[in-house]
Amino acid sequence: MAWALTLPAHRAVAAELTVACGPSGTDVSYCFKYAQQWAQKKGHTVRNFSPPSSVPDKLALYRQLFAAKSTDIDVLQVDLVWPGLLKDHLLDLRPWTRGEESQHFKTLIEGNTVQGRLVALPWYTDAGVLYYRKDLLARYGQPVPSTWQALRDIAKRIQTAERARGHSDFHGFLFQGKADEGLTCHALEWIASSGGGEVLGASGEITAHNPAAAAALDMAARWIGDISPLGVLNHEPEDSRGVFQNGHALFMRNWPYAWALMQKDDSPVKDKVGIAPMPGLQASGGRSAVGGWQLGVSRYSKHPELAADLVLYMTSAAVQLERAIGGAFNPTRPALYEDRALIAANPHMPALRTIIDQGVIRPSTLTGLKYPQVSQSIWYAAHDALSGRMDGDEALARLKKRLQRIKRKSWSSQTDLR
């Protein structure tokens, strides 16, 4: 008691917190920088933890640390599909948010809420978008397509014309068809935008096998070897971006990160690219898979209240706006998309507001620890259809059986408290 009385009443005991930002210069500039700002304002110190760059490796490391109840990390980055996997190891942030979650996209807050607990706050978001060559559409007098049929017709016409001009390796449409999480996003977009639902219903029922969903996979399969090269079956985002940015394609489905890279001074397509919502079966029916990263507090943090305060600072409107203007990170707060400075720096961002708000959320929160098996089953079904091993109906019939085996009695039949 005597020791407590010797402390100045106006000073709090300094603490050291660790935030998992990363090893690169971008991570330091657009993550750790803000953690340091918070520390200076609050009189604490922060340390940067560098997890693996690979998303699966990062998740594996986090789960290893959590299994050991390690106190090594206070604040960590959480992929949008992780809340259901990590729920038992992340604190409920609602006691500290003071209603701040209402300022974020509703779909993102729902994705971060597990069994009524808000286990992370959105930090920046992503959604699938359609990139297109403005100059080529103008050259051939074609509009930006709003339906899949229009995209195929325009892509085929301009692909044929460009190859006739000597551009033999020109393609109409690029996307990421590698059998991984990215293809799950694509499949959910195709199915949802074609009236096939979202694979799992709101209460967990399996709705994947239906005629509209099968037709969506068959549609995408017909692109291979027609407007899309066989190589897209192994494309990740950077593979598609490299081909598109070098001027070898008309349309590309990718994430918003590619915009800043294509606008660099040494980019062959600088100022020639536009961004539009994903097409749909009907002109108003396009849907985009939503992704992005959140910030959560480890259940094993020695300073949970301070860690929560750091999360609130780093996800604040001021920090998100600065990150959006300087680094093109898409805010998770709808109001920021009306900011004039943000629009001047990133003219494409206002269009993203509606895309994100109406986005398709992967069923990770619903399926919890079973989500990796669920996602793998979805991407296997999509890849089987794309590669011609089976048609859409066959692929989805097999997917339904796999999901039934994974679900058994309940999606929430497992916990991860170890």
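The model is a predicted one, in which local features need pLDDT of at least 70 and side-chain atom pairs count only at pLDDT 80 or more, while totals for chains, interfaces and linings use all residues. Residues are numbered from 1 along each chain as its sequence is written, and side-chain values use heavy atoms, with hydrogens and water left out.

Let us begin on the inside. A nonpolar core is a set of buried Ala, Val, Leu, Ile, Met, Phe, Trp, Tyr and Cys residues joined through side-chain atoms within 4.5 Å. Here "buried" means under 20% relative accessible area, "exposed" means over 50%, and "partly exposed" lies in between (1.4 Å probe, protein chains only). The largest such core has 130 residues, and Tyr-131, Trp-190 and Phe-251 have the most contacts inside it. Helix α18, residues 371-386, gives the most to this core, with eight residues. Helices (H or I, at least four residues) and strands (E, at least two) are DSSP runs, numbered from the N terminus.

Now look at Phe-251. Contact means heavy atoms within 4.5 Å. Setting aside neighbours within four places in sequence, the residues in contact with Phe-251 include Leu-130, Tyr-131, Phe-173, Leu-174 and Phe-244.

Next comes a sheet. Strands of a sheet pair through backbone hydrogen bonds, either parallel or antiparallel. In this description, two strands pair if DSSP finds at least two bridges between them. Four strands form an open sheet in the order β8-β9-β7-β10, with mixed pairing. Its edge strands are β8 (171-174) and β10 (273-276), each pairing on one side only. From one strand to the next, the twist averages 15 degrees. Strand β9, residues 249-254, pairs with β8 in the parallel sense over three bridges, and Met-252 in β9 is the bridge partner of Leu-174. Helix α11 (residues 237-245) packs on this sheet and touches β7 (129-133), β8, β9 and β10, its direction making about 155 degrees with that of β9. For such angles, axes are lines fitted to C-alpha atoms, for helices over the stretch in contact, and the angles run from 0 to 180 degrees between N-to-C directions.

Is Phe-175 buried or exposed? Its relative accessibility is 0%, so Phe-175 counts as buried. Beyond neighbours within four places in sequence, its contacts include His-186, Trp-190, Trp-223, Arg-253 and Leu-386. The C-alpha atoms of Phe-175 and Gly-231 are 56 residues apart along the chain and separated by 9.8 Å.

Strand β11 is worth a visit too. In a regular strand the side chains alternate between the two faces of the sheet. Along β11, Val-290, Gly-292, Gln-294 and Gly-296 point one way, Gly-291, Trp-293, Leu-295 and Val-297 point the other way, and all are buried. Strand β3 (residues 75-79) pairs with β11 in the antiparallel sense over five bridges, with Val-75 opposite Val-297. Strand β6 (residues 121-127) also pairs with β11 in the antiparallel sense, over six bridges, and here Leu-121 stands opposite Leu-295.

How do two helices meet? Helix α2 (residues 25-42) and helix α13 (residues 304-314) pack at an angle of about 120 degrees, with their axes 10 Å apart. That makes α2 oblique to α13; angles under 35 degrees count as roughly parallel, over 145 as roughly antiparallel, 65 to 115 as roughly perpendicular and the rest as oblique. Among the residues that meet are Cys-31, Tyr-34 and Trp-38 in α2, and Leu-306, Leu-310 and Tyr-313 in α13.

Finally, the loops. Most residues other than glycine have a negative phi, and most peptide bonds are trans. Gln-115, however, has a phi near 50 degrees, a positive value in a residue other than glycine. Gln-115 lies in the loop between β4 (113-114) and β5 (117-118) and, at 65% relative accessibility, counts as exposed. Val-199 has a positive phi of about 70 degrees, although it is not a glycine. Val-199 is in the loop between α9 (181-193) and α10 (211-223) and counts as buried, at 2% relative accessibility.
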